[in-house]
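Here are my notes for you on this one. Have the structure open while you read, and take the points in order.

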Amino acid sequence: MATVIQTLQEAGQDFEWYPTTDEMIAAVVKHIKGTRTALRPYYSPGSILDIGAGDGRVLTALGEAFECRQDLYAIEKAAPHIENMPANIAIVGTDFHYQTLIDKDVSMIFCNPPYSEYENWAVKIIKEALSDRIYLIVPKRWARSKPIRSALKLREVEAEVIWSGDFRNAERKARASVDIIYVAMRRYDGEYDHQGEKTDPFETWF
């Protein structure tokens with residue numbers, strides 16, 4: 001890992017990459033499995049987009065956990081990561097600031113953003129996502145963010161914290177305390193059964 005980070009830094013392409021830990025990935029997998037219901041007992045995210053995918057570890061792990069190895073998509077800016085991305089991951093964009101999400105119809109979006117920009121990334125994802133669900137790893141102060149609250153309100157959805165922790169024992173250590181938040185991008189009527197209508201980002205785009 002130290003070699004990878006050194007390579008990124010020497011290329012001027014570190015972009016605040018703090019690799020998602022196994023514990024964090026396990027929390028997302030556990031949550032997805034926990035949302036299965038009697039109506040959909042074998043729910044799988046199907047297609048997954050990782051924004052700021054790094055070395056592809058999250059997509060690889062989720063693809064293996066839910067047997068969707070051919071429907072994995074990444075937005076990643078760092079050339080060393082792109083060059084070493086597993087062959088079954090399709091790169092659909094590089095610089096996130098110049099991407100739109102309303103044309104990327106996927107079952108799930110995952111993002112562990114650079115924390116100096118986490119608010120802007122979270123707002124953009126929530127406003128534009130054309131997906132069933134979103135998982136974001138963000139600093140705990142997200143809950144006090146007016147822009148994030150406004151974006152959630154605009155899409156008529158709520159955020160749920162499914163895990164809390166930090167990077168103190170991670171491959172690249174950091175003191176920041178973070179939450180993994182889950183946003184269900186469907187409108188539900190009654191029981192949580194994933195049969196509701198997906199909120200349409202086109203409704204708020206203009």
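This is a predicted model: local features need pLDDT of at least 70, side-chain atom pairs count only at pLDDT 80 or more; totals for chains, interfaces and linings use all residues.

1. Start with the whole protein chain. Its secondary structure comes to 7 helices and 7 strands. If you walk from the N terminus, the elements run α-α-β-α-β-α-β-β-α-β-α-β-β-α.

2. Next, how much of the chain is tucked away? Of its 206 residues, 51% count as buried. The chain exposes about 10,300 Å², and carbon and sulfur atoms supply 47% of that area. Have a look at the contacts too: among those with a separation of 6 or more, 66% are between residues 24 or more positions apart.

3. Now zoom in on helix H5, residues 118-128, and helix H6, residues 146-155. Their axes come within 9 Å and cross at roughly 5°. Angles under 35 degrees count as roughly parallel, so H5 is roughly parallel to H6.

4. Which residues meet there? On the H5 side they are Tyr118, Glu119, Ala122, Val123, Ile126, Lys127 and Glu128, and on the H6 side Pro147, Ile148, Ala151, Leu152, Leu154 and Arg155. Sorted by type, the residues of this contact give 9 nonpolar, no polar and 4 charged.

5. Is H5 itself enclosed or open? Since 8 of its 11 residues are buried, H5 is largely enclosed by the rest of the structure. The buried ones are Tyr118, Trp121, Ala122, Val123, Lys124, Ile125, Ile126 and Glu128.

6. For H6, the buried residues are Ile148, Ala151, Leu152 and Arg155. Seen down the helix axis, they fall within an arc of 100°, so they line one face of H6. Turn to the face pointing away from that buried side and you'll find the exposed residues Lys146 and Lys153.

7. Last stop: Glu156, in the loop between H6 and strand E6 (159-167). What is phi here? For Glu156 phi is near 60°, a positive value in a residue other than glycine. Most residues other than glycine have a negative phi. Glu156 is also exposed, with a relative accessible area of 57%; the cut-off for exposed is over 50%.

Terms used
Residues are numbered from 1 along each chain as its sequence is written. Side-chain values use heavy atoms; hydrogens and water are left out. Axes are lines fitted to C-alpha atoms, for helices over the stretch in contact, and angles run from 0 to 180 degrees between N-to-C directions. Helices (H or I, at least four residues) and strands (E, at least two) are DSSP runs, numbered from the N terminus. Angles under 35 degrees count as roughly parallel, over 145 as roughly antiparallel, 65 to 115 as roughly perpendicular and the rest as oblique. Contact means heavy atoms within 4.5 Å. Ala, Val, Leu, Ile, Met, Phe, Trp, Tyr, Cys and Pro count as nonpolar, Asp, Glu, Lys and Arg as charged, and the others, Gly among them, as polar. Buried means under 20% relative accessible area, exposed over 50%, partly exposed in between (1.4 Å probe, protein chains only). Accessible areas come from the Shrake-Rupley method with a 1.4 Å probe; for residues, only the protein chains shown count as cover. The arc is that of the directions from the helix axis to the C-beta atoms.
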